[in-house]
Amino acid sequence: MSGAALGLEIVFVFFLALFLLHRYGDFKKQHRLVIIATLLAWYLCFLIVFILPLDVSTTIYNRCKLAANSSPAESNGSYVTLAPSKQKCFKPWSYIPNGIMPIFWRVVYWTSQFLTWILLPFMQSYARSGGFSITGKIKTALIENAIYYGTYLLIFGAFLIYVAVNPNFNLQWNQLQTIGIAAANTWGLFLLVLLLGYGLVEIPRSHWNGAKRGYLLMKTYFKAAKLMTEKADAEENLEDIMEEVRKVSESIKYNHPLRKCVDTILKKCPTEYQERMGRNMDDYEDFDERQNSYPSEKSLVKLHKQVIYSVQRHRRTQVQWQILLEQAFYLEDVAKNETSATRQFVHTFHSQEPENKIIQYFYTPTVEWYWECLLRPWFYRVLAVVLAMFSVIVVWSECTFFSTQPVLSLFAVFIQLAEKTYNYIYIEMACFLTIFFLSICVYSTVFRIRVFNYYYLASHHQTDAYSLLFSGMLFCRLTPPLCLNFLGLTHMDATISHKNTQPTAYTSIMGSMRVLSFIADGFYIYYPMLVVILCIATYFSLGTRCLNLLGFQQFMGDSEMTSDLIDEGKELIRREKRKRQRQEEGENRRREWKERYGNRDDSTRNRVAHTDQKESSFSETNTNRPLSKYTRSNGRTERDRIELLQDAEPLDFNADSVNDDPLELDSGR
């Protein structure tokens, strides 16, 4: 089993990251480099979270083996081993051989740092660029990131000059590397505590509110009203952009040098707009002979960027509106079925997507009623209580993990108790649950947060390239300080435990933070205590109230604006429900008509086909006969037609009035 657990987790985490990226991204429409870069960033961050418990269990085994092979208080290099334990050191089932983990962590860490600080910011600007060529997009990305990269180079250069001038500093390359890692982790820890303080309160509260059907339905109505406003705004914005595209397309003809750029813009437009604009593109005019003001290439680049953004936003709002309608209809069905005497779940509308037969066999209407109306609320309540207990333990440990005598961090107590008995499965499970809960609190906040329309992770393949790359940047910057914070909570970090024991492979890659004592002994220890204030602010919804005062409508039960939006959303859902009911009634009537009169129509159709076949056979027999017999009569018929046409007089359209009464016509005519 040596190394097998590592290989299994590497494969499992890859498919997990691929599944999440498929849910939020669009593999068919988005650029492959964007998909690959985002997948790599998510994969490396999730991999660190899943592999770190194996590193902890392997480190505990190595400490036990080192202590068993040495005398009491014997010095072993830079570490002082403990007294040998009389209990035999059992090798864990997930033991990773020496030398593998340092290389693994070094590759994973530096790859993620290269992604978050260099590659992903460049790809963000490249994805948002409206250039028509690869060279133009690269040029735009370099210009936009010049200030970004120049700021870091200026700070680093000033620091190097200060170190070179000051004789008190004698830093080596390893120490400079540690300072760079400490700077990156400090920035990540600052953002980590903000996101963690929100997630520790909001995740248990969201599950507790998930058991309240009335609460969920009111919040869905509120979302419907806000989304309808955003949807109307997106449609209006798209119409304005398409009008500009139409004007540009009509002014720049086929023989213009910039026509290729216009064609590229037209390809990004929706199909109905492409067909509408293509009707007036049949003429060919020489642009040199006309003194018209044509748009420049720079303006076309700006228009191309606006088209990409407006089309993506319009498509996203349309999909989200349909999803929200399904959710609202389902919640209304749950509210109706709660008082059902038959205890069978009845849907107002049938699912538009075909359901799996296996799910239909086991998830019957009776099972669905018991789950949705009876068991699910209690399950969410129990889960909310468990998550709230985890949150309390995390907050307590964040405030007391610096205390080593006595050990007050509950996570450190659990790990040390398991370490005495060398129960590696318990150690790995405790470590995994701890870091997994911390990751859920942080990562779920990244998925929920929305910065206007610039950063927004929308499910059902509606996330744009910029938001995907930005999420990869956040994950790569948050994961290393998250893991260091976890090691501090469990006292596996020598900087926190103040013990000269063998560190984990992950900590050895980070280097000794003693180079910057004010960060190691100050910021890393006392700044996480700020999570208490953030949790209190989140519990009382201070951020939501501030946004509501600034004009950003948020869901608040005691707000008049919230009540108005709920009523508006309820009316919108009712209107959409009536529309869908009329559609289903029309489809049912057509289906019944087809089932009732389908056989009669088939018989009538067969009778008409049989008559046509007889007439065609009769005409074929007539055409096969000699034509000389009918030549004279046919010619006479044609002469009669010509005489009738010559005898008819044309109408005088210039007359004052036209008399249509045949009784008042001249007798000669």
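**Note on the predicted model**

1. The UniProt record, an unreviewed entry, places the feature "coiled-coil region" at residues 224–251.

2. This is a predicted model, so confidence should be read alongside every point here. The mean pLDDT of the protein is 81, and 80% of the residues reach 70 or more.

3. Two stretches call for separate mention. Residues 71–86 have pLDDT under 50 throughout, and the model gives them 26 contacts beyond four places in sequence. Residues 640–669 also stay under 50; for them the model has three contacts beyond four places in sequence.

4. Helix H7 (residues 259–268) packs with helix H9 (residues 297–337) at an angle of about 10 degrees, the axes being 9 Å apart. Angles under 35 degrees count as roughly parallel, and H7 and H9 are therefore roughly parallel to each other. From H7, the contact is made by Cys261, Val262, Thr264, Ile265 and Lys268; H9 contributes Leu300, Leu303, His304, Val307, Ile308 and Val311. By class, the contact of H7 with H9 has eight nonpolar residues, two polar and one charged.

5. Helix H12 (residues 410–421) and helix H13 (residues 424–448) have axes that come within 9 Å and cross at roughly 165 degrees. Angles over 145 degrees count as roughly antiparallel, and H12 and H13 are therefore roughly antiparallel to each other. Their crossing is left-handed.

6. The residues joining H12 to H13 can be listed by helix. On the H12 side they are Phe411, Phe414, Ile415, Ala418 and Glu419; they meet Tyr426, Ile427, Ala430, Cys431 and Thr434 of H13. The residues of this contact divide into eight nonpolar, one polar and one charged.

7. One backbone feature to check is the peptide bond from Gln405 to Pro406, which is cis, with omega near 0 degrees. Pro406 is found in the loop between helix H11 (365–400) and H12.

8. His460 lies in the loop between strand E4 (455–456) and helix H14 (465–489).

Notes
Residues are numbered from 1 along each chain as its sequence is written. This is a predicted model: local features need pLDDT of at least 70, side-chain atom pairs count only at pLDDT 80 or more; totals for chains, interfaces and linings use all residues. Side-chain values use heavy atoms; hydrogens and water are left out. Axes are lines fitted to C-alpha atoms, for helices over the stretch in contact, and angles run from 0 to 180 degrees between N-to-C directions. Helices (H or I, at least four residues) and strands (E, at least two) are DSSP runs, numbered from the N terminus. Angles under 35 degrees count as roughly parallel, over 145 as roughly antiparallel, 65 to 115 as roughly perpendicular and the rest as oblique. A crossing is left-handed if the near helix is turned anticlockwise from the far one by less than a right angle, and right-handed if clockwise. Contact means heavy atoms within 4.5 Å. Ala, Val, Leu, Ile, Met, Phe, Trp, Tyr, Cys and Pro count as nonpolar, Asp, Glu, Lys and Arg as charged, and the others, Gly among them, as polar. pLDDT is the predictor's confidence in each residue, from 0 to 100. UniProt positions are given in the numbering used here, feature names are shortened, and annotations may be inferred rather than shown by experiment.
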